[in-house]
Amino acid sequence: MTKHWKPGDRIELDMPFVANETLADLPDGYIAGIASTPSTDLYGHKVLAGAFDKSITKKGLAGPRGIKLLASHNWEKPAGTIKKLKTIGDELKIEAQLNLNVSYVRDLHEIAKQNGGLNFSVGFTLEEFSFVDGDKSEDGEYLIIKQGDLMEVSVVVFPAQLEATMDFIKSHETMSELEKALVAKEFCRSRNEAQRLGKYLKANEHLFLDRPLPSAGSVKSPTHPLLDVVPQLRAATDLVALAKAVLRP
């Protein structure tokens, strides 16, 4: 297998990224999940918990030397910025913001949404490691990575670390998509009518609170802004009918 490894060698490990929820108070393109676990991956690598803590502390997440967020391990395709990267228990947790002003990142975001998530992968150079001989292990021979110099975390297509998951990807619908949904769901007869109705609904987005309004002096609870409720419009028929009545010439 891998006894040719030496300190300084670069390794890239794919990690799952599965999207299953959205939150209203985070920007579009915000992603979060698990970048690494200590389970043996499909390539026979076992990254111990905390293996990257030293390099994360030393490099940080910003600036020229900071740990980067990339698309598919392509060093010429940065994908945004890593906001948080920390070992919690046995897992390396990550939160990052995709830069949706960049065309290939927008494409990546769209594909991630369409597929219900893609994958994470860590790219690093070996520093401290050891081997487990296949004759002494029920799992066969594998490489134990005790410490690595983490260079980047990538969004990739195929996973190697099956136990790592990505549990969040922020997707914010646009006003144009809202207007199309209003027409498609037959709330409005034309795009012009949908534009008028959309403006009215946006001005009254407090009606889409998922919990009671806060009392005086309390901290305001997160809301579901209008543009996040396109899939729920069918349940808002009465509100839409009322809005159309108010707007009718």
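Biologist: What makes β4 and β8 count as paired strands, and in which sense do they run?

Modeller: In this predicted model, four bridges join β4 to β8 and the two run parallel; pairing asks for at least two bridges between two strands, so β4 and β8 are paired. As one of the positions involved, A71 stands opposite V155 in β8.

Biologist: How do you know that β3 and β8 pair, and which residue of β8 is the bridge partner of H45?

Modeller: Strand β3, residues 45–47, is linked to β8 over three bridges in the parallel sense, and because at least two bridges are needed, the two strands pair. The bridge partner of H45 in β8 is L143.

Biologist: What makes β7 a partner of β8, and in which sense do they pair?

Modeller: Between strand β7, residues 119–132, and β8 there are 13 bridges in the antiparallel sense, and since pairing requires at least two, the two strands are paired. Here S121 has S154 as its bridge partner in β8.

Biologist: Why is β8 described as mostly covered?

Modeller: A residue is buried when its relative accessible area is under 20%, and 13 of the 15 residues of β8 are buried, so the strand is mostly covered.

Biologist: Why is L85 called buried, and which residues does L85 touch?

Modeller: L85, which is found in strand β5, residues 78–88, has a relative accessibility of 8%, and because the limit is under 20%, L85 counts as buried. Leaving aside residues up to four places away in sequence, L85 touches I56, L61, I67, L92, K93, I94 and L150. The C-alpha atoms of L85 and V153 are separated by 9.8 Å, although these residues lie 68 residues apart along the chain.

Biologist: How many cavities of 30 Å³ or more does a search of the whole structure find, and what lines the largest cavity?

Modeller: The search finds one cavity of 30 Å³ or more, and the largest cavity has a volume of about 80 Å³.

Biologist: What makes one residue in the lining of the largest pocket polar, and which strands supply at least two residues each?

Modeller: The largest pocket, with about 200 Å³ of space, is lined by K59, P64, R65, G66, K68, L70, W75, P78, M151 and E152. The strands supplying at least two lining residues each are β4 and β8.

Terms used: Residues numbered from 1 in each chain as written. Predicted model: local features only at pLDDT ≥ 70, side-chain atom pairs only at ≥ 80, totals over all residues. Heavy atoms only, no water. 1 Å grid on protein atoms, 1.4 Å probe; cavity = no way out; pocket = protein on both sides within 12 Å on 5 of 7 lines; lining within 4 Å. Points joined across faces, edges and corners; volume = space filled by probe spheres on them. Buried < 20%, exposed > 50% of the residue type's maximum accessible area, 1.4 Å probe, protein only. Contact = heavy atoms within 4.5 Å.
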